[in-house]
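Visitor: I have a model open and would like to walk through it. Can you take my questions as they come?

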Amino acid sequence: MEQKQLDSLTAKARQLRNDAMEIMMHFGSGHVGGVMSVMDALTVIYYAKANIDPKNPAKVDRDRVVMSKGHAGPALYAVLADLGYFPQEWKATLNQNGTNLPSHCDMNKTPGIDMTAGSLGQGISAAVGMALAAKLDKNPATIYCIIGDGEAQEGQIWEATMFAGSHKLDNFILMLDNNKMQLDGWTKDINDLGPVADKWASFGFYVQDIDGHDMAAISDAIDNAKSKNGGKPSMIILNTVKGKGAKYAEEKVFCHNLPITEEIYKNETGRE
Amino acid sequence: MTDEKEMRQVMAQTLTKIAEKDDRIVLLDADLMSCHATKCFKEAHPDRFINVGIAEANMVGIAAGMSAFGKIPFVFSFAPFATRRCYDQIFISVAYAKRNVKIVGSDPGVVAEANGGTHMPFEDMAIMRAIPHMVCFEPTDAAMMEKAIPQIIEYPGAVYTRMFRKKAEQIFDDSLDFKLGKAIEIKDGKDVTLIASGIMVDRAVKAADILKEQGVDAKVINMHTWKPLDVEAIKAAAKKTGAIVTCENHNVRCGLGSAVAEVVVEECPVPIKMVGVQDEFGQVGKNAYLSEVYHLTTQDIVDAALAVIKKK
C-alpha cells in the first residue's frame, strides 16, 4: 500500500475514533477500551479492503463483517455513519429510547450490521455459517469476524475455530483484538489464553501475528489472508492497546467501560 | 394402531424431497445423523448436509449465519441438547436476531427411555416457549409430521419441533386438515375437555372411550402447537364443557398445562387438572414403566377427568 493511502487511512482512523467518542459521549459512557482498540482494523477493512456498497447494504456478494465482540458497536457505528449507511444524526442516539444504535450490534436495527451479537462467543459461529453458505452458493464474499481476547475464553470460540479449520473455510478472516485485557483485569491473570498464534495454527488456521495499530501491517495481513492462505481460514492476531487513541482511557489502563463527558470528548478530540 | 413409518423417516424423507426443488434447505446435525435417519438427505444433497460434530452451540450459530445467506437450516439433536444445551445461542443468534432456523429436538420426555435423566427433557417446550415469537410444535403422528414440514418451511421464522423419533400411534390419516397453530378437535363432547399433545393424544382418545362407558362425554383436542396457542379453541372448549384436563409428556410447570391455564384464568375460568410430569427429573426405563411413575397413563387421564368434573 502506498504511503499516501496509509496516511489517509491513519487520518480516517483518527476521525473515526473521534466520531466513536462523540457517539458514546451523547450517552455519557461506553465500552471505550474495546471500541478504540479495534478501530484501526475496522478502518482498513472498510476503507481499503471490503467489497461493500453503502448504497446497497443488501448486496448479495458483499463482504460481511461480524463484530463478535458485540459491545464494540459504537466503533462500527462511527464507520457506518461515515460511509452513509444511515443519517449522521443517528450518532446522537446511542442507547436512547427507541434508538437504532444499541450498545451491542443488532442486524435488525442498524443498516450495515451483518450479524446481531453481544452474548460473547456467538458471532464467530454465525460468521462461520456465513462462510460455509458463501462456499455453497459460490458467492465470492469474504467473511470478516472480530473477536476479543477475553471473548476467547468462551468455549464456543473453539468449537467454531475447530469447524472452520476442519472445513478449510479459506473465505473466512478471523481477527483477534488482542488488547490483553478484559472487564475485570488482565486476561493472563484471569484465564490465560497462552500462545494464541500456536493455538489457532494448530486448529488449521493461517496465522499472522501483527501490530494491530500498524495500518500497513493490517493491510498486508488481509492481502496475505486472501492470497497466501494455503486453503486455510485466516487468523490475524491484532496486538492492540485497550483504549488506543483515547489518552484518558490509555492512562487509566483498565478502561473496559468508562464515562465520557463532553469535557473529556473535547479534550480528547480537540473538537468544539 | 401404530403407524408404519417412523416419525424420523417421515421428517428426513420429506425434507430430502422438498430440498430437491428448494435449495434453501440445509440440514445440520451434531453427530446424531444415524439416530435421525438423515442419511437419505446426505446422499441426495451432500453439500447441504453438515455434521458439525458434538458442538450444539456452534451448530445453532452456524445455522443462524447460514440463514443470513437466505438458507433455511434445520438443526437436529436430541431434545435436551437441541434446546437446553444451546439455549442462549437459540435465544440470541436465532430468535433475537430473527433468523429463519428450524430446530428439531428428538425423543422428548419418557420416550427417551434407556437414555435416562440426562437425555429426557420435561422442560424443552417450557424454555422454548419462553423465547419471544418462537413457534413450539409437537407433531402427533406421521401423517401430521408430513403435512407440517412444508408449513414449517413456509413460516418465516424460528420453529421448534419436538419430535418423537420412532413409530407413533396413528391418530390421523392423509385426509388430515392440518394448520400449524390450529388445534384439532378429535372428538366433541360436553362434560369435560381433554387437551393433549404428542404421545398423550392416543391416551386421551382412549381415556375418552373409558369415560364414555362411565357416562362422561369428553371432548378431545389435540393441541399440537403450544405456541402460538389456539386460544379460541381453548375458550370454546371451556365454555362448552366447563372443565379441562391437559395431558403432556412434559413438566406441567411451564408446559402445556401452564399454557392452557394462562388462557383459561384470563379468559374463561373453569377448573383444570394437569396430567403430566409434576416437577421431576427423568430416569431410565421403558415408556410404559415411566408413564406409570410419572402418572401419564390413560387411567391417570380418566381419574383427572372425573376429579375435575366434581369441581365444576
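Guide: One term before we start: two strands count as paired if DSSP finds at least two bridges between them. Keep in mind too that this is a predicted model.

Visitor: Fine. In which sense do β7(B) and β9 of chain B pair, and over how many bridges?

Guide: They pair in the antiparallel sense, over three bridges. Strand β9 of chain B covers residues 218–222.

Visitor: Which residue is the bridge partner of Ile184(B) there?

Guide: Asn222(B), in β9(B), is the bridge partner of Ile184(B).

Visitor: What sheet do those strands belong to, and what is its strand order?

Guide: An open sheet of five strands in chain B, ordered β7-β9-β8-β11-β12, with mixed pairing. At the edges are β7 (184–187) and β12 (272–277) of chain B, each pairing on one side only. Ignoring direction, neighbouring strands are turned by 25° against each other on average.

Visitor: Which strands does helix α10 of chain B lie across?

Guide: Helix α10 (residues 231–241) lies across β8 (192–196), β9 and β11 (244–251) of chain B. Its angle to β9(B) is about 175°.

Visitor: Over to chain A. What is the strand order in its open sheet of five strands?

Guide: The order is β2-β3-β4-β8-β7 (chain A), and the pairing is parallel. The edge strands, which each pair on one side only, are β2 (64–67) and β7 (206–211) of chain A. From one strand to the next the twist averages 20°.

Visitor: What packs on that sheet?

Guide: Helix α5 of chain A (residues 123–137) does, touching β2, β3 (143–148) and β4 (172–178) of chain A. The direction of α5 makes about 165° with that of β3(A).

Visitor: And β7(A), how many of its residues are buried?

Guide: Five of the six, so to speak mostly covered. β7(A) pairs with β8 of chain A (residues 234–239) in the parallel sense over six bridges. Within that pairing, Tyr206(A) has Ser234(A) in β8(A) as its bridge partner.

Visitor: What handedness does the β-α-β unit with β7(A) and β8(A) have?

Guide: Right-handed; helix α9 of chain A (residues 215–227) is the helix of that unit.

Visitor: New topic. How many residues does each chain put into the contact between A and B?

Guide: Chain A gives 23 residues and chain B gives 23 residues. On the chain A side, α5 and α6 (155–166) each supply at least two residues. The largest share of that side, 11 residues, comes from α5(A).

Visitor: What does Ala204(B) contact, leaving aside neighbours within four places in sequence?

Guide: Its contacts are Leu194(B), Ala196(B), Val220(B), Cys247(B) and Ile301(B).

Visitor: Last one: how far apart are the C-alpha centres of those two domains of chain B?

Guide: They lie 26 Å apart. The contact takes 24 residues from domain 1 and 27 residues from domain 2 of chain B. On the domain 1 side, α7 (124–129) and β5 (135–137) of chain B are the elements giving two or more residues.

Notes
Residues are numbered from 1 along each chain as its sequence is written. Chains are lettered from A and ligands numbered from 1 in the order in which they are written. This is a predicted model: local features need pLDDT of at least 70, side-chain atom pairs count only at pLDDT 80 or more; totals for chains, interfaces and linings use all residues. Helices (H or I, at least four residues) and strands (E, at least two) are DSSP runs, numbered from the N terminus. Axes are lines fitted to C-alpha atoms, for helices over the stretch in contact, and angles run from 0 to 180 degrees between N-to-C directions. Two residues are in contact if their C-beta atoms, placed from the backbone, lie within 7 Å. A residue is buried if 20 or more other C-beta atoms lie within 10 Å of its own, exposed if 12 or fewer, and partly exposed in between; C-beta atoms are placed from the backbone. A crossover is right-handed if, with the strands pointing away from the viewer, the path from the first strand over the helix to the second runs clockwise. Domain bounds come from an automatic or database domain assignment.
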